[in-house]
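Hi there,

Here is the structure I promised to pass on to you. Have a look at it first, and then read my notes below.

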Amino acid sequence: MKKIPIGRSDFKVLIENDEYYIDKTKYIEEFFKTDGSIVLMPRPRRFGKTLFLTTLKYFFSNQEKKEHLFKNTYIYNSDFFKNHFGKYPVIYLTFKDIRELNYDLMIEKIKGTIKVEIRRLLDSINVEEIENEIEYKVYLENILKGQASLAYYENSLKALSVLLTKYYNTPCIVLIDEYDTPIQTAYLENYYDKAINFFRNLFTAVFKDNDLYVKKALITGILKISKESMFSGLNNLRNLTILEDELSTACGFTKDETIRLMQEYKIEKELHEKAIKMYNGYIFGKDTLIFNPWSILNFVVEKKFKAYWANTSSNDFIRFLIGKSKDFRTNLEKLLKNESIEIQINENLSFRDGELYQKDNLFSFLFFSGYLKCKEKYIKTVDDEDALFCKLEPTNSECRMIFRDVIKSYVRDSFNNQDINELLQALVNGEIKLFEKLFSYLLRDSVSYFDTKNENSYHMFLLGVLTNLSYEYEIISNSEAGYGRVDIILLHKTDKEKPAIVMELKAIDEFEEEDKDDALNKAIEQIKKQSYISLVKKRGYNNILAFGLVFDGKRCWVKRI
């Protein structure tokens with residue numbers, strides 16, 4: 001049985017090691033025949049973008065004619081293979097590991113990446129045989145000698161494309177992997193404008209009005225960065241997002257591919273069906289169900305249900321953006337409950353002037369990044385123009401875990417683990433007054449981290465604390481119970497003798513001149529009147545701790561029934 005290629009992203013290495021490969025070679029021809037000589041294909045992280053680009057590299061390259069790599073693939077016996085295999089000079093750059101703390105470090109790393117590619121391509125040709133083009137020869141010669149200015153590097157891909165086309169008498173294929181990784185890092189580290197300026201110059205030079213020397217190009221990343229003229233004047237750019245049908249299954253696994261993989265590795269039917277349920281959810285194109293390869297491959301190896309994709313990065317960028325957005329906090333509880341939110345989708349996102357924090361832009365970013373999925377899409381008229389709207393919800397269980405971690409992080413940033421554990425122990429042990437005191441301390445130290453202006457804010461903040469109990473307790477939020485909707489219920493997952501906790505939350509309304517005692521009494525009466533305890537009893541719990549929890553600024557008070 002073939003080895004599962006966890007983390008393997010080079011097509012040649014994967015095939016020569018005889019590792020498991022889901023054949024995506026039919027999309028080579030589809031890519032080549034797409035409208036537009038430059039294709040931007042944004043996809044979420046860990047979806048096989050690099051593997052697809054390296055497949056294209058080994059297929060088209062006239063310097064690395066490795067026919068054996070394709071012998072057992074879909075494309076091998078096709079007319080397209082006969083006409084295009086090994087026929088083009090290929091320029092390939094990946095920026096996926098460029099995450100530097102400052103602009104100078106970023107530029108030095110990119111310079112090194114470009115220099116290596118120039119040497120790889122020029123070592124097998126005699127540049128002197130190329131007539132004219134003295135300027136471009138000087139560019140590349142000075143780069144290889146380490147004597148080039150930044151402007152030479154900005155024009156390096158253009159120079160390469162010209163010289164290679166002249167030498168081979170055929171235009172180039174240009175492949176750029178994870179173009180936006182250094183740009184997102186630059187945004188976080190406050191050198192965004194400088195980074196944008198460099199990449200704008202690099203891409204404009206090689207792609208604008210350069211059709212004689214670039215036959216086809218594919219650029220991958222997570223999203224299209226717009227409004228900064230990153231792709232200024234590129235009328236031949238085709239943006240194939242996850243909303244488009246073209247190349248929709250070139251990256252990621254279809255349901256049939258996922259099932260076939262699990263069958264081949266003898267995954268028991270019960271586990272296999274549970275994996276399908278846990279890891280599905282990505283919808284590409286009109287209605288194609290796609291699975292994240294990273295999660296599926298790791299599951300097949302470990303046979304454990306874990307948040308594999310959620311743990312592939314620190315999610316710092318997501319947390320940073322969410323922390324800046326009040327709109328996200330407003331919708332967070334809906335997302336955690338798998339309820340849909342309606343968003344106008346923006347395919348051309350901008351990082352400038354806080355635009356990404358705005359409601360629809362942030363949720364569009366989360367959608368294209370893979371954290372949310374489109375349950376339903378439709379067109380609405382906005383300002384006399386048609387606009388695309390989606391009903392979004394968390395993509396799957398893994399993504400809901402990330403959103404739960406977001407509210408947990410608000411708490412961790414302001415309260416140490418020992419104090420949180422003491423607070424939670426007081427709660428589950430029924431020590432209500434101790435819980436009241438410790439939770440008030442937590443509020444006191446956390447106001448700068450969380451906006452506690454209304455009952456919903458307190459509700460979400462408390463959920464952030466309680467998620468630390470999720471391994472042991474079922475946490476029910478805003479669920480129907482009795483004659484109404486109870487705020488929070490905690491039920492021990494294995495021991496029904498443990499206290500079942502029922503909480504009704506209230507924020508003091510200063511305009512009604514309400515005091516804490518009035519609010520506490522209202523909370524208690526609501527628990528009784530709406531018969532919230534009936535849900536707990538129905539589930540077989542008889543040891544019940546029910547209380548009202550009232551908030552005012554940095555203080556809270558508790559009253560037990």
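This is a predicted model, and a search of the whole structure finds 24 salt bridges. Side chains of opposite charge can pair when their charged atoms come close.

Let's start with K24, which forms a salt bridge with E257; their closest N and O atoms are 3.0 Å apart. This pair links distant parts of the chain, with K24 in the loop between α1 (11-16) and α2 (26-32) and E257 in helix α11 (residues 255-264), 233 residues apart. Both K24 and E257 are buried.

E141 and K145 also meet in a salt bridge, at 2.8 Å from N to O. Both lie in helix α6 (residues 134-145), 4 residues apart, which is about one turn of the helix.

Next comes K375, which pairs with E393 at 3.9 Å between the closest N and O atoms. K375 sits in strand β10 and E393 in strand β11. K375 counts as exposed because its relative accessible area, 57%, is over 50%, whereas E393 is buried at 6% relative accessibility.

Now for strand β3 (residues 172-177), where 6 of its 6 residues are buried.

Finally, D383, D384, E385 and D386 form a negative surface patch.

Enjoy exploring!

Methods:
Residues numbered from 1 in each chain as written. Predicted model: local features only at pLDDT ≥ 70, side-chain atom pairs only at ≥ 80, totals over all residues. Heavy atoms only, no water. Patch = residues over 30% accessible without salt bridge, like charges linked within 9 Å, V, L, I, M, F, W, Y side chains within 5 Å. Areas by Shrake-Rupley, 256 points an atom, 1.4 Å probe, with all protein chains shown as cover. Salt bridge = Lys/Arg side-chain N within 4 Å of Asp/Glu carboxyl O. Lys, Arg positive; Asp, Glu negative; His and termini not counted. Charge placed at Lys NZ, Arg CZ, Asp CG, Glu CD. Buried < 20%, exposed > 50% of the residue type's maximum accessible area, 1.4 Å probe, protein only. Helix = DSSP H or I, 4+ residues; strand = E, 2+ residues; numbered from the N terminus.
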